[in-house]
Amino acid sequence: MIKKINASLIKKATGLKVKSVVSCGSTFDEIADNDVIIARSQSVGYGRGDHTFYSPLGGIYIVMRETGLNIAAHTLTPAVGIAAHDAIKTVLGIDTKLKWVNDVMYNGKKAAGILVRSPRTGEYLIGIGVNYATDGEQLLSAALPDAVSLQAPPDKADMFALQLIKNIHLATLKDFDSARYNSLCVTVGKNVGFTHNGVYVQGFAQSVEQDGTLMVRLGQATVAVDAGEVSVLREVNKI
């Protein structure tokens, strides 16, 4: 079974204070004074809003602390998405896509989720949960048919975690690449549904802007969506 990630390897390569555990409640609660916490499972994984993030053994769940960002804080979540995409491609050779604003997609399903919190001014806790080698049957039994495992090899888990941590740190040091994000984003160019001013609406997602907002056309108007759940609507085949 998947072992604990090699904290010494990552510390040596990055100079960061790293803690690695097999299991914890939540990596956000476990990070304490470390720069990075890595778990292979969580009993209380946090998701966006009041959602939870199902975190069985087999995944890789990371929270890392960053301060003094050079990137605009509002664009941090989509920038981390690009960082994750690149780590998956570099180490595992797997092509993924991104769903605005915090999901990494593989074969049309969610393979990873991102959550950024700011516990105090100038401090950011960047969380990402990756279904690295999660048992697909576990995802189905947990009633998560839209989730998917990368089914990645255990012997690459250490290098993947290291590459992901490096990529996330580098993402905080430069401007958000909106053009690249648009090229990877499955939300752009699709009909979407979301709540706007307390009302559920449907529109056409045009682009993700440099400030990280999603531009959606609603009839003759265009609105900038900067938060909340945006669902890509399923296309109905016409006969």
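## A residue in strand 11

Val 223 is found in strand 11, which covers residues 221-225, and the model in which it is placed is a predicted one. Val 223 counts as buried because its relative accessible area is 14%, and the cut-off for that word is under 20%. Leaving out residues up to four places away in sequence, Val 223 touches Phe 194, His 196, Leu 214, Met 215, Val 216 and Leu 218. A further pair gives a sense of distance: Val 223 and Ala 179 are 44 residues apart in sequence, and their C-alpha atoms are 19 Å apart in space.

## Two buried threonines in loops

Thr 75 lies in the loop that runs between strand 3 and helix 3, and with a relative accessibility of 2% it counts as buried. When residues up to four places away in sequence are not counted, Thr 75 touches Phe 176, Gln 210, Asp 211 and Gly 212.

Thr 134 has its place in the loop between strand 7 and helix 4, and it too is buried, with a relative accessible area of 0%. Apart from its neighbours within four places in sequence, Thr 134 is in contact with Pro 56, Gly 58, Gly 59, Leu 139, Ser 149 and Gln 151.

Most residues other than glycine have a negative phi, and most peptide bonds are trans. Against that background, Gln 151, which was named above as a contact of Thr 134, has a positive phi of about 50° although it is not a glycine. Gln 151 lies in the loop between helix 4 (136-141) and helix 5 (157-171), and at 54% relative accessibility it counts as exposed. Ala 32 also has a positive phi of about 50° without being a glycine; it lies in the loop between helix 2 and strand 2 (36-42), and its relative accessibility of 53% makes it exposed.

Which two residues are joined by a cis peptide bond? They are Trp 100 and Val 101, and the omega angle there is about 5°. Val 101 is placed in the loop between strand 4 (97-99) and strand 5.

## Helix 5 and its packing partners

Helix 1, made of residues 7-14, packs against helix 5 at an angle of about 35°, with the two axes 10 Å apart, and the crossing of this pair is right-handed. On the side of helix 1 the contact is made by Leu 9, Ile 10, Ala 13 and Thr 14, while helix 5 supplies Asp 158, Met 159, Ala 161, Leu 162, Ile 165 and Lys 166. Sorted by class, the residues of this contact are seven nonpolar, one polar and two charged.

Helix 3 and helix 5 pack at an angle of about 145°, with their axes 8 Å apart, and their crossing is right-handed. Helix 3 contributes residues including Ala 79, Val 80, Ala 83 and Ala 84, and helix 5 contributes residues including Met 159, Phe 160, Gln 163 and Leu 164. By class, the contact of helix 3 with helix 5 has 13 nonpolar, three polar and one charged residues.

## The largest pocket

How much space lies in the largest pocket? The computed value is about 1,200 Å³. This pocket is lined by 45 residues, and those closest to its centre are Lys 99, Asp 103, Met 105, Lys 110 and Asp 146. The lining divides into 20 nonpolar, 15 polar and ten charged residues.

Several elements each supply at least two residues of this lining, namely helix 2 (27-30), strand 3 (60-67), strand 5 (103-106), strand 6 (109-120), strand 7 (123-130) and strand 12 (231-232). Strand 6 gives the most to the lining of the largest pocket, with five residues.

## The second largest pocket

The second largest pocket holds about 250 Å³ of space. Its lining is made of 16 residues, and the ones nearest its centre are His 74, Thr 77, Val 101, Val 116 and Asp 226. Among these is Val 101, the residue that is joined to Trp 100 by the cis peptide bond. Helix 3 (76-92) and strand 6 are the elements that give two or more residues to this lining, which by class has ten nonpolar, four polar and two charged residues.

Key
Residues numbered from 1 in each chain as written. Predicted model: local features only at pLDDT ≥ 70, side-chain atom pairs only at ≥ 80, totals over all residues. Heavy atoms only, no water. 1 Å grid on protein atoms, 1.4 Å probe; cavity = no way out; pocket = protein on both sides within 12 Å on 5 of 7 lines; lining within 4 Å. Points joined across faces, edges and corners; volume = space filled by probe spheres on them. Helix = DSSP H or I, 4+ residues; strand = E, 2+ residues; numbered from the N terminus. Nonpolar A, V, L, I, M, F, W, Y, C, P; charged D, E, K, R; others polar. Buried < 20%, exposed > 50% of the residue type's maximum accessible area, 1.4 Å probe, protein only. Contact = heavy atoms within 4.5 Å. Axes fitted to C-alpha atoms, helices over the stretch in contact; angles between N-to-C directions. Left-handed = near helix turned anticlockwise from the far one by under 90°.
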